[in-house]
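Me: I would like to go through the labels given to parts of this structure and ask what each one rests on. Please set the value against the cut-off every time.

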Amino acid sequence: VDRKVLPVMAITGGLAEAWNKSCPEGQQMMRGDSIIEANGTRDDVAEILEHCKHQKVIELVLVRGLNFEGDLTGGCPNAALRFKESGEGAFAISAGLPTVALSLLAPITSKYCPYLISHADLWTLAANTAIRVMGGPDIPTKFGRTDAKSAAESVQSQVGRLPDGDKGVDHLRMIFHPKGFDDKAIVALSGAHTVGGCHADRSGFEGAWTEEPLRFDNSYFIDLLNKAYTEETSSKGMPQHRSKSGTIMLISDLALIQDPAFKKHVETYAGDKNAFFNDFTEAWVKLQENGCFNLREIL
């Protein structure tokens with residue numbers, strides 16, 4: 001995947017430090033921001049970098065939080081989730097991941113991490129392998145992510161990191177657009193709901209999105225367009241919708257067919273599984289590699 005933005009990984013001198021000295025507090029560069037334009041150049045990270053290195057006068061366009069930062073500090077694929085006592089491992093949105101998911105990987109983790117492969121790279125590889133085994137696309141995995149050494153390297157808060165299932169169109173865009181994901185990418189990534197389900201003791205929602213929750217295909221989009229859903233409340237008091245066949249959709253799912261800009265992609269993916277696989281792969285890889293540098297194609 002070609003990189004089109006220049007992430008700001010540290011404020012330790014050079015351009016970033018000079019910029020911050022000349023700008024008011026609200027416009028200063030932060031770790032995790034991304035430079036998307038330098039002196040009129042966009043979509044060419046090499047040229048953007050050349051401007052930053054050599055131009056004496058430079059005009060920048062920054063995006064706050066393209067690397068999972070928002071107005072907070074920290075955030076990258078660093079496996080901080082494995083520290084269960086605090087930080088990301090203790091966030092409500094992570095419920096079940098540090099216990100159930102990581103327990104399944106424990107036999108491999110204990111044998112190969114961190115000496116052969118980092119935890120963060122293993123999680124990426126495991127996710128991509130699972131998608132392929134369930135019938136999904138064969139997603140390339142790059143390696144070289146660095147593991148967090150403690151929970152202190154977690155993000156400060158779960159706010160703004162992932163979409164809430166009980167919110168709609170505006171919330172989806174508020175979460176994803178600042179991170180560099182457009183409407184098409186939002187819909188494609190939502191297609192991951194073609195597998196798995198919700199657990200009341202974790203998210204408060206309950207039920208599977210599709211009738212074959214271990215098959216990765218485009219049935220999520222087909223169901224969105226063709227099934228009727230009735231509003232209900234989960235056993236934990238969360239609003240959701242259920243079809244006669246027992247599958248569910250959340251408010252954030254149904255939002256995809258309530259907004260024309262989203263719905264056109266739902267219709268494309270419902271009719272063309274390969275189009276979904278291609279767009280999902282592009283967005284998924286971008287999600288996995290955001291905030292990473294010098295990734296390699298071999299372990």
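Predicted model: local features only at pLDDT ≥ 70, side-chain atom pairs only at ≥ 80, totals over all residues.

Me: Why is threonine 268 called partly exposed?

Reply: Its relative accessible area is 38%. Buried would need under 20% and exposed over 50%, so a value in between is called partly exposed. Threonine 268 belongs to helix H9, residues 260-271. Its C-alpha atom is 8.9 Å from that of phenylalanine 221, 47 residues apart along the chain.

Me: What makes phenylalanine 221 count as buried?

Reply: Phenylalanine 221 has a relative accessible area of 0%, and the label requires under 20%. Tyrosine 220 is also at 0% and counts as buried.

Me: Why is the pair of tyrosine 220 and phenylalanine 221 described as edge-to-face?

Reply: The ring centres are 5.1 Å apart and the planes stand at 75 degrees. A pair needs centres within 6.5 Å, and edge-to-face needs planes over 60 degrees apart, so the label applies to tyrosine 220 and phenylalanine 221. Both residues belong to one aromatic cluster, whose members also include Phe216, Tyr269 and Trp284.

Me: How many aromatic pairs does a search of the whole structure find?

Reply: The search finds 11. One of them joins phenylalanine 176 and phenylalanine 181, edge-to-face, with 6.2 Å centre to centre and 85 degrees between the planes. Phenylalanine 176 counts as buried at 13% relative accessibility, and phenylalanine 181 does so at 2%.

Me: How do you know that the charged end of lysine 286 lies within reach of the ring of phenylalanine 181?

Reply: The charged end of lysine 286 is 5.0 Å from the centre of that ring and sits over it. The distance cut-off is 6 Å, with a further condition of within 35 degrees of the ring normal. Arginine 173 has its charged end over the ring of phenylalanine 262, 4.4 Å from the centre.

Key:
Residues numbered from 1 in each chain as written. Heavy atoms only, no water. Helix = DSSP H or I, 4+ residues; strand = E, 2+ residues; numbered from the N terminus. Buried < 20%, exposed > 50% of the residue type's maximum accessible area, 1.4 Å probe, protein only. Phe/Tyr/Trp six-rings, centres within 6.5 Å; stacked < 30°, edge-to-face > 60°.
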